[in-house]
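Please keep the sequence and the coordinates in view while reading.

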Amino acid sequence: MPQAAKATTTKRTFSRETSISVDVQASPKIIWQLLTTASDMPGWNSTIVSLEGVIRQGETIQLKSTLDEKRTFKLKVKELMPEQRLVWGDSQGNRVYTLAPKGKHVTTVTMTETIGGPIFPLFARFIPPFDESFEQFAADLKREAEARQG
């Protein structure tokens with residue numbers, strides 16, 4: 001059985017970055033569809049309570065995470081390069097998804113979230129760690145994409 005993907009977090013005074021990469025036995029097209037169909041995401045991604053809006057360049061989506069179910073994050077889709085790169089975020093940070101074909105129907109998916117800014121040290125201790133959530137996301141994405149790849 002393949003080893004589960006492991007998240008890494010780097011903490012700095014004014015920022016924190018968490019990242020995970022996973023090899024998925026599916027085409028970038030299938031993975032891209034999973035990452036950009038907001039209405040379907042809560043069905044396969046157990047780290048999301050709800051996701052409203054359309055994942056399209058310049059649009060704003062509203063996300064509720066299992067890390068803080070009381071809070072709705074309003075995130076702008078900042079960059080969208082089909083089957084390659086998706087960036088969304090707010091004034092506190094960005095989440096970047098990258099897809100890199102690795103072979104026939106194998107794609108390396110990397111998700112990195114960087115949060116921070118000049119006042120980050122004042123609220124950093126209130127932000128929960130992302131590692132476990134990122135690892136769960138990677139497992140969910142891999143399972144769903146590979147099931148769809150057939």
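Asp 140 and Arg 143 both belong to helix α4, three residues apart, which is about one turn of the helix. Helices (H or I, at least four residues) and strands (E, at least two) are DSSP runs, numbered from the N terminus. The model is a predicted one, in which local features need pLDDT of at least 70 and side-chain atom pairs count only at pLDDT 80 or more, while totals for chains, interfaces and linings use all residues. Residues are numbered from 1 along each chain as its sequence is written, and side-chain values use heavy atoms, with hydrogens and water left out.

The side chains of Asp 140 and Arg 143 form a salt bridge, with an N to O distance of 2.6 Å. A salt bridge is here a side-chain nitrogen of Lys or Arg within 4 Å of a carboxyl oxygen of Asp or Glu. Asp 140 is buried, with a relative accessible area of 2%, whereas Arg 143 is exposed at 51% relative accessibility. Buried means under 20% relative accessible area, exposed over 50%, and partly exposed in between (1.4 Å probe, protein chains only).

Lys 142 and Glu 146 meet through their side chains at 2.8 Å, N to O; both lie in α4, four residues apart, about one turn of the helix. Glu 146 is partly exposed, with a relative accessible area of 25%. Glu 144 forms a salt bridge with Arg 148, the closest N and O atoms being 2.9 Å apart. Glu 144 and Arg 148 are four residues apart in helix α4, so about one helical turn separates them. Glu 144 is partly exposed at 25% relative accessibility, and Arg 148 is partly exposed at 38%. An α-helix has 3.6 residues a turn, so residues three or four places apart point the same way. Over the whole structure, a search finds seven salt bridges.

Helix α4 covers residues 131-149. It has 19 residues and reaches 27 Å from its first C-alpha to its last, close to the 27 Å expected at 1.5 Å a residue; the expected span is 1.5 Å times one less than the number of residues. After α4 comes Gly 150, whose phi is positive, near 70°. The buried residues of the helix are Ser 133, Phe 134, Phe 137, Ala 138, Asp 140, Leu 141, Lys 142 and Ala 145. These buried residues pack against β2, α1, α2 (41-44), β7 and β8.

The helix lies across β1, β2, β7 and β8, running at about 25° to β2. Axes are lines fitted to C-alpha atoms, for helices over the stretch in contact, and angles run from 0 to 180 degrees between N-to-C directions. Helix α1 (residues 28-36) lies across β2 (15-24), β5 (68-81), β6 (85-90), β7 (93-103) and β8 (106-116), and runs at about 160° to β7.

The strands form an open sheet of eight, in the order β1-β2-β8-β7-β6-β5-β4-β3, with antiparallel pairing. β1 (8-11) and β3 (48-52) stand at the edges with a single partner strand each, so one side of each has no neighbour in the sheet. The twist from one strand to the next averages 20°. Two strands pair if DSSP finds at least two bridges between them. β3 and β4 (residues 60-65) pair in the antiparallel sense over four bridges, and Glu 52 stands opposite Gln 62 in β4.

Strand β2 contains Ile 20, which is buried with a relative accessible area of 3%. Apart from neighbours within four places in sequence, the contacts of Ile 20 include Val 109, Met 111, Phe 134 and Ala 138, where contact means heavy atoms within 4.5 Å. Ile 20 and Lys 6 are 14 residues apart in sequence and 6.2 Å apart in space, C-alpha to C-alpha.

Ser 19 also lies in strand β2 and is buried, with a relative accessible area of 17%. Its side chain makes a polar contact with the side chain of Thr 112 at 2.8 Å. A polar contact is a pair of N or O atoms within 3.5 Å; within protein, one must be able to donate a hydrogen and the other to accept it, and residues adjacent in sequence count only if both atoms are side-chain atoms.
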